[in-house]
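Please look at the model first.

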Amino acid sequence: MAERRGRILIGAGTCGLAAGAGAVWAAAERALTDLGLPDTPVIGVGCIGYCQEEPLLDVELDGQRFTYRRVKPDQVKRIIEKHLAGGQPVTELLLGECVDAPNPYPTLPFYAPQNRVATRNCGFIDPTSLSDYEARGGYMALRNALAKPPHDIVEAVKASGLRGRGGAGFPTGRKWELAAKSPGPHKFLICNADEGDPGAFMDRSILEGDPHAVIEGMVIGAYAIGADEGYIYCRAEYPLALERLRDAIEQARQKGYLGNNILGTAHSFHLHLKEGAGAFVCGEETALMASIEGRRGMPRPRPPYPAQAGLFALPSNINNVETLAAIAPIIRNGADWYAAMGTAGSKGTKVFALTGQVNRTGLAEVPMGISIREIVYDIGGGIPNDRELKAVQIGGPSGGCLPASLLDLPVDYESLQREGAIMGSGGMVVVDETTCMVDFARFFMAFCARESCGKCTPCREGTTRMLEILTRICDGNGTMADLDRLERLAGNVKITSLCGLGQSAPNPVLSSLKHFRHEFEAHIRDRRCPAGVCKNLISYRIEADKCTGCVLCARNCPVEAITGEKRKAHVIDPEICIKCGACFDVCKFDAVIRG
Amino acid sequence: MSVLMRKRTGPIGAPDSCCADLVPVKVAQLNDFLTQHAGKSAMVIPALQHAQALFGYVPPEAMQMIAEALRTPYARVYGVATFYAQFRLQPAGRRTVRVCMGTACHVRGAGSVLSAWSEALGVKPGGTTADGEITLEQVSCLGACGLAPTVMVDSTTHGRLTPGKVKQVVSSLRKA
C-alpha cells in the first residue's frame, strides 16, 4: 500500500458528541490501527454548523478535504480503507468537498448564502491547539493593534459598525469609547458567555471550536479601553466550552498573549474564567457582575453604568462572545471590509441557530439584511412533511413570533424590533401548524416566570400573573376579558421592569396576540385548540372500523390506557389517557382520532 | 432545616461535629479548598460548586463551612445556593435523567416526553424515585437542538424521542 499523507477530522462539539461522534472517533482509531496506519492523526474539531448531518467525519488527503455525513461507526472502516488508504472517496456517504474559505461548501444550499466571520475557524482548527489558531492568522490582529494607539482601535471598531451580538445591539465601538474615557488605573473587560437563551447555541459553538478567537478579541478590547483584568463568565451547562477556555487561557499565558507586558509592550491583561451556576438572568450585565462578586445574580438599576462603576465598583465593559470573536478580523481586514457587509444600520454578519420544524437545522452565519425566507427556505430547506410554516420565533424568551406573511422581512436590528421581535442572541425556531401559538406563548412565559430573579415587582408578579392567564386560556377556561387583561399587563411589565428580562418577557405574548389573535379566540370562544396541542381541549379515541388490532398503539402507550385483543378493535380509556399523542403518531391506519 | 436554627459556635473555618454524616476525606478536601480562599466572599459560588462536586449535593454542613471560611453570613450562602438552579440541597439518585425543555424540543413534543418520563418513573420533575435510583430533572437546553426532542441519561444523550421510545429507555434503565 502506497504511503499517503492524510488525516481524519471529526466534528466533536457538544452537538456532534450528542449525535454519536465519540463512537465514530473510536471506530476511526480502531480502523487506522487495523489498516496499519496508526500514525495518521485523528483530530476533533469544533462544530461546522450543520447539526442535521452530524456526526461528521472528514478525510483530508493531499490538501483536499472531503466531508462524510451521518457517519455510523460501522461505516468508518470502509471510508478510511477506500478513501484515506485507497484515494477513492466513498461517494454515496459524502456530504461534499470542504474548502478552506468563508463558505466551506459553496455548492450546498445550507452554506450557499453563508459568510463565516465569527465562526471562521470552527471546524477547521484543532481547538486545543494554539499553533493551529496562529497558523490561520491568529493573534496577528493583536500584534497590529498593539502597534497603534488605543484610540485608533476604538475608532476602527466604531467605523466597522459592529453592534453587540448578545441581544441589545448597542454599538460596540461606542461602548468601548465610554469605557476608555472612564478614569481609573484599574478596569475590567468581561466576556458574557452565559448563553441562557433556549434555542441558541452559537456562543457555545465558538467557545468549543475556536476559544482563542474570543481571547484575542478580549486582549485587543482590553488594550483599547485600558483594562488590566478580565473575566469570561461561562455557563456551567457548557462543560466542554469551559474545558477549552481553561486550556486556551493557559496556552495564551505561556505564549505571552496574556499576563504582564503582552508581547513586550506595556499592556498587561490578566484573564480569569468564572463558571456560572444556572440562572438565565445572569446574562444581564449587572446581574452577571453580581454573580462574579459571589452574590445572587440580581440586576440593579442603571446608572451608574458598568463603564462608570461596574464589577467591584470599578469601570467595566461587557461584551458578548460573538461580538468579541468578530474583533480580530475587523482589526486585520479593516473596518471598511466589515462595514461593507450588512445593511445601513446593521453591519457585518450574524450567526443564527436554526432549529424547530425545519428540514436542515444548524448554525448559519449570514450577512445582516438577508430575509427570513432565505434563512428558512434556502438554508433550512423549508418545512418537513409537506406542512405549512406558521411562524418563526426569533430572539427566544425575549423575542417574538413572526407570521408567514413577514417572511420577506430583512434580519436587521431595526426591522425585527419594528415587528415585535428582537435580534436577541440569534435563536431562530421555525414552527408549523402542529404548534399552538397560545401554548408557545405560555412556554416562554413559564420560562421567564421561572427565571425571574424576584427583585422587582412588575417582573416577579407580572410574569406569574401572565402565566396564570395563559394557562387558563390553554385549559379552556379563558374569557375574552382575559385577552385585554393580558395585553394591559404585558404593556405594564414591559415599561416598568428593572432589567431586560422583565422588559422583554412580554414580547412573545404581545407578538402572538398581534399576529395570531385568532388562535387565542378559538381557545376562548370555541373551546378548541386548532393545533391539537392543549390537552384539556383535545381527546383521543380509536375508530373501530379502521382499527386492525395491530397493537402498535397499545405497545407505545406509556400509561397502558389502550386495551383490546389482537386483531380486534382497541379502545382508549379516557380516565387513564395522558393525551401524549403517542398512539396518534404511531398508528399506520389513521384509526386514532384526535378531536 | 435544623442547621438554620442552630447557633454557630467554634473556630471559624474548622469543620465541627456537624459533619459526622459526611465522608471525612471529602470534608477535608472541601476544607483545603476553603483554606486557599479564606475570607474571599467572591468565592461563594466556586465553593458551593466544589462542595457539590464532592458530595453530589450541597449539605447544610458544607454551607456552614463555606460561610465560616469565607467570612460570609450563612444566610447569604444559603441565599446563593437556593438562587442558582445548579445547586441541589438534597442528595440525587444514582442516575439522573435530564429532559431538555428548550424551545426546539418544545415544538417537537418535549412536553409529552416529560409527562411520559414522569408517568413511567412515578415521580414529578425534580423528584427522585422511592428506591433512590433515578432522579428526573428538566433542563433549559442541552444544546443538541438538531436531535430534538432530547434527553440526557447520565452522560448519554438520546435524541428524536417519542413517549413510546421513553418506555423502551426506561425498561433498559431498570434492567441496567
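Contact means heavy atoms within 4.5 Å. By that rule, 59 residues from chain A and 40 residues from chain B take part. This is a predicted model, where local features need pLDDT of at least 70, side-chain atom pairs count only at pLDDT 80 or more, and totals for chains, interfaces and linings use all residues. Residues are numbered from 1 along each chain as its sequence is written, chains are lettered from A in the order in which they are written, and side-chain values use heavy atoms, with hydrogens and water left out.

**Area and contacts between the chains**
- About 3500 Å² is buried between chain A and chain B (accessible area, 1.4 Å probe, that two parts lose on being put together, summed over both).
- Carbon and sulfur atoms give 56% of that area.
- In chain A, Ala277(A), Arg296(A) and Phe443(A) lose the most area to chain B, together 16% of what that side buries.
- The chains share zero salt bridges (a side-chain nitrogen of Lys or Arg within 4 Å of a carboxyl oxygen of Asp or Glu).

**The side of chain A that touches chain B**
- This side divides into 31 nonpolar, 14 polar and 14 charged residues (nonpolar: Ala, Val, Leu, Ile, Met, Phe, Trp, Tyr, Cys and Pro; charged: Asp, Glu, Lys and Arg; polar: the others, Gly among them).

**Strands 1 and 2 of chain A**
- Strand 1 (residues 6-11) and strand 2 pair in the parallel sense over four bridges (strands are DSSP E runs of at least two residues; pairing needs at least two bridges).
- Ile10(A) stands opposite Gly44(A) in strand 2.
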